[in-house]
Amino acid sequence: GENVEQHPSTLSVQEGDSAVIKCTYSDSASNYFPWYKQELGKRPQLIIDIRSNVGEKKDQRIAVTLNKTAKHFSLHITETQPEDSAVYFCAEGDNQGGKLIFGQGTELSVKP
Amino acid sequence: GAVVSQHPSRVICKSGTSVKIECRSLDFQATTMFWYRQFPKKSLMLMATSNEGSKATYEQGVEKDKFLINHASLTLSTLTVTSAHPEDSSFYICSASNSRGDEKLFFGSGTQLSVL
């Protein structure tokens with residue numbers, strides 16, 4: 001069945017350092033991999049996504065890499081800032097009209 | 001952008017009562033919406049897929065008679081928690097795709113349900 005494993009569950013970094021969050025998935029049919037940021041009590045916000053025909057995508061300080069052979073994808077945040085502190089969720093979809101399965105989440109804390 | 005509105009944001013009810021949560025797509029039509037449940041510091045668990053004009057598809061372990069879903073129009077889906085009990089207390093959040101085929105999901109603001 002569909003399953004997404006996300007690590008680490010918590011991550012603490014100093015301001016300016018990089019943060020990396022990793023996810024693995026099991027469904028070979030998965031072809032869409034978004035990342036969401038959720039602040040306490042608020043809705044998840046899409047921050048970046050990648051499709052299976054691309055190995056890497058970057059948007060300013062945020063990048064995502066995908067290894068389809070190994071079935072894992074990672075979120076990279078460079079030059080972290082305190083406002084990056086939040087819970088980050090990876091997810092995977094397989095063209096079922098938007099149905100996503102989420103990872104367990106990573107609580108990122110950026111210390112000034 | 002794609003805006004999804006969810007109402008109410010917070011509800012407190014007595015055990016045994018039913019609670020209805022509304023999810024609306026404001027600037028696009030959504031043939032499919034999704035309902036998730038989230039416990040504190042936990043992930044989003046997909047409960048069901050709401051299909052406009054047809055029955056919802058429930059995930060394994062989710063009671064369809066407990067969580068009634070109605071998707072009567074292209075912009076509105078409702079989730080009714082029937083005969084709510086304290087264990088139903090949770091954060092419920094809906095999402096919708098903008099139907100452009102790019103699978104981007106946009107979330108409502110969520111509903112914090114507290115059953116006393």
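**View 1. Ser12(A) pairs with Ser109(A).** In S11(A), Ser109(A) is the bridge partner of Ser12(A). The model shown is predicted. Strand S2 of chain A, residues 10-14, runs parallel to S11(A). Five bridges join these two strands.

**View 2. Tyr88(A) faces Thr106(A).** Tyr88(A) stands opposite Thr106(A) in S11(A). Strand S9 of chain A spans residues 86-93 and runs antiparallel to S11(A). Three bridges join the pair.

**View 3. Side chains alternate along S11(A).** This strand covers residues 106-111 of chain A. Thr106(A), Leu108(A) and Val110(A) point to one face and are buried.

**View 4. Chain B meets chain A.** On chain B, 21 residues are in contact with 25 residues of chain A. The two chains bury about 1,700 Å² between them. Carbon and sulfur atoms account for 50% of that area.

**View 5. A salt bridge crosses the interface.** The rule finds one salt bridge between chain B and chain A. Glu59(B) and Lys99(A) form it through their side chains, at 3.4 Å from N to O.

**View 6. Strands on the chain B side.** Four elements of chain B each give two or more residues to the side that touches chain A: strands S4 (32-38), S5 (44-51), S9 (90-97) and S10 (105-107). S4(B) gives the most, with four residues. By type, the residues on this side of chain B are nine nonpolar, six polar and six charged.

Methods. Residues are numbered from 1 along each chain as its sequence is written. Chains are lettered from A and ligands numbered from 1 in the order in which they are written. This is a predicted model: local features need pLDDT of at least 70, side-chain atom pairs count only at pLDDT 80 or more; totals for chains, interfaces and linings use all residues. Side-chain values use heavy atoms; hydrogens and water are left out. Contact means heavy atoms within 4.5 Å. Buried area is the accessible area (1.4 Å probe) that two parts lose on being put together, summed over both. A salt bridge is a side-chain nitrogen of Lys or Arg within 4 Å of a carboxyl oxygen of Asp or Glu. Ala, Val, Leu, Ile, Met, Phe, Trp, Tyr, Cys and Pro count as nonpolar, Asp, Glu, Lys and Arg as charged, and the others, Gly among them, as polar. Buried means under 20% relative accessible area, exposed over 50%, partly exposed in between (1.4 Å probe, protein chains only). Two strands pair if DSSP finds at least two bridges between them.
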